[in-house]
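These are my notebook entries on a structure I had not examined before. I record what I looked up, entry by entry.

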Amino acid sequence: QVQLVESGGGLVQAGGSLRLSCAASGSIVSISDMGWHRQAPGKQREWLATITRGGTTNYVDSVKGRFTIARENAKNTVYLQMNSLKPEDTADYYCNADIAVRRMVLAAPYWGRGTQVTVSS
């Protein structure tokens, strides 16, 4: 079994910062891409950022320059540093990872259960 567990969410004032963490555990052979998504109330889940195992990153335009994705491969952990937060960043934040649980088997996507971020004005 593989689990992804997010942490670091909470309540912050506009302009503030939060750092989210997501640790993968279980029967993991390798992890390729890791990423973050969010879902605001009444809206569809939105992709935010992805980081490859080698460290190449991509971001949605709305968070470029404010959010930074990083990972520690040795800890099977991905982070999302969020700066200059805005009320419209309020959402549940989810991490995901493409994980291989056996050798010679393609990686499959796994998701965490989310952590809530609330930005007050």
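**Entry 1: overall dimensions.** What radius of gyration does the protein chain have, and what value would a compact globule with 121 residues have? I note first that the model is predicted. I looked up the radius of gyration and found 14 Å for the protein chain. A compact globule with 121 residues would have a value near 14 Å, so the two agree. I then looked up the box filled by the C-alpha atoms of the protein chain, which is roughly 50 × 25 × 25 Å along the principal axes.

**Entry 2: secondary structure.** I looked up the helices and strands next. The protein chain has 0 helices and 11 strands. Reading along the sequence, I wrote down the pattern as β-β-β-β-β-β-β-β-β-β-β.

Entry 3: I asked what share of the 121 residues is buried. The protein chain has 39% of its residues in the buried class.

**Entry 4: the disulfide.** How many disulfides does a search of the whole structure find? I recorded 1 disulfide from that search. Cys22 is joined to Cys95, with an S to S distance of 1.9 Å. Because Cys22 belongs to strand S3 (residues 18–26) and Cys95 to strand S9 (residues 91–100), the pair ties together parts that are 73 residues apart in sequence. Cys22 has a relative accessible area of 0% and is buried. Cys95 is likewise buried, at a relative accessible area of 0%.

**Entry 5: aromatic rings and charge.** I searched the whole structure for aromatic pairs and found 0. I then looked for charges over rings. Over which rings does the charged end of Arg45 sit? One is the ring of Tyr94, with the charged end of Arg45 at 3.8 Å from the ring centre. Another is the ring of Trp111, where the charged end of Arg45 is 4.9 Å from the centre.

**Entry 6: summary.** I close with the points I wish to keep. The predicted model shows a protein chain of 11 strands and 0 helices, with a disulfide between Cys22 and Cys95. The charged end of Arg45 sits over the rings of Tyr94 and Trp111.

Methods:
Residues numbered from 1 in each chain as written. Predicted model: local features only at pLDDT ≥ 70, side-chain atom pairs only at ≥ 80, totals over all residues. Heavy atoms only, no water. Phe/Tyr/Trp six-rings, centres within 6.5 Å; stacked < 30°, edge-to-face > 60°. Lys NZ or Arg CZ within 6 Å of the ring centre and 35° of its normal. Helix = DSSP H or I, 4+ residues; strand = E, 2+ residues; numbered from the N terminus. Rg over C-alpha atoms; globule rule 2.2 N^0.38 Å. Buried < 20%, exposed > 50% of the residue type's maximum accessible area, 1.4 Å probe, protein only. Disulfide = S-S within 2.5 Å.
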